[in-house]
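Reader: Please show me the protein. I would like to ask about its helices and its rings.

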Amino acid sequence: LLVFAGYYRRESSAAAPARSGYLQLYCSIWRLINTLGYTDSECAFDHERFLALPTLEAMNEELGHMCRGIWARIENHSTGRNGQLIAQICSYIDANVGANLSYEQIGEKFSISPSHLRQVFRDERGVTMKDYVDQKRLERAKQLLQSDALVRVIAEQLGFLSPQAFAKFFKGFTGLSPGEYREKERSDKP
């Protein structure tokens, strides 16, 4: 910033107010980037080169280029964090498929608002979290139906309030009741 202070004093042309505005904008962007934890070299900030730009159009073009680069860097950083968060949430869902897995409960556990969770999950996975949970419950139900466990017990393990709710859920996805599915699987095995 000291470099800019000296430059302001030297500028005396008719374009000085506009150049001054560009320099203030440049400084604001520079402060923002440093606040976010990026270094000048990561964002290709070259103060001397910016000060040497001969025209307002060149300064405008350079600021636009900088802003696009910074925005891309922030988006990439954000996507990486979101991807990690959603991977953690999916691992939690996989391990707790029988728990209350509402947007509110997951949001509270992972410190993310339910509305933001809805958006980020869909953006990262291409499906809603509810669809993901349903798919995991269905997979687990099919595994459990390979055993001799009672349908009532399986329903409880998967977090359903009643065997009827589980049967409706299961039939909605497979076209078969849990009992019919179990029988079909057993008869298909040699």
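Author: Read along the sequence, the pattern is α-α-α-α-α-α-α-α-α-α. This is a predicted model: local features need pLDDT of at least 70, side-chain atom pairs count only at pLDDT 80 or more, and totals for chains, interfaces and linings use all residues. Residues are numbered from 1 along each chain as its sequence is written, and side-chain values use heavy atoms, with hydrogens and water left out.

Reader: How many helices and strands are there in the protein?

Author: Both are DSSP runs, numbered from the N terminus: helices are H or I with at least four residues, strands are E with at least two. By that count the protein has ten helices and zero strands.

Reader: Which residues of α7 and α9 make the contact?

Author: Contact means heavy atoms within 4.5 Å. On the α9 side, Phe166, Phe169, Phe170, Phe173 and Thr174 take part. Helix α7 brings Asp134, Arg137, Leu138, Ala141 and Lys142.

Reader: Are the rings of Phe160 and Phe169 stacked, edge-to-face or tilted?

Author: Rings of Phe, Tyr and Trp (its six-membered ring) pair if their centres lie within 6.5 Å; planes under 30 degrees apart count as stacked, over 60 as edge-to-face and the rest as tilted. The centres of Phe160 and Phe169 are 5.0 Å apart and the planes are at 45°, so the pair is tilted.

Reader: Is Phe169 buried or exposed?

Author: Buried means under 20% relative accessible area, exposed over 50%, partly exposed in between (1.4 Å probe, protein chains only). Phe169 has 13% relative accessibility, so Phe169 counts as buried.

Reader: What separates Phe166 and Phe170 in helix α9?

Author: These two form a tilted aromatic pair, 5.9 Å centre to centre with 50° between the planes. Both Phe166 and Phe170 are buried. They are four residues apart in helix α9, so the separation is about one helical turn.

Reader: Which residue lies over the face of Phe160?

Author: A charge sits over a ring if NZ of Lys or CZ of Arg is within 6 Å of the ring centre and within 35 degrees of the ring normal. At 5.9 Å from the ring centre of Phe160 lies Arg137.
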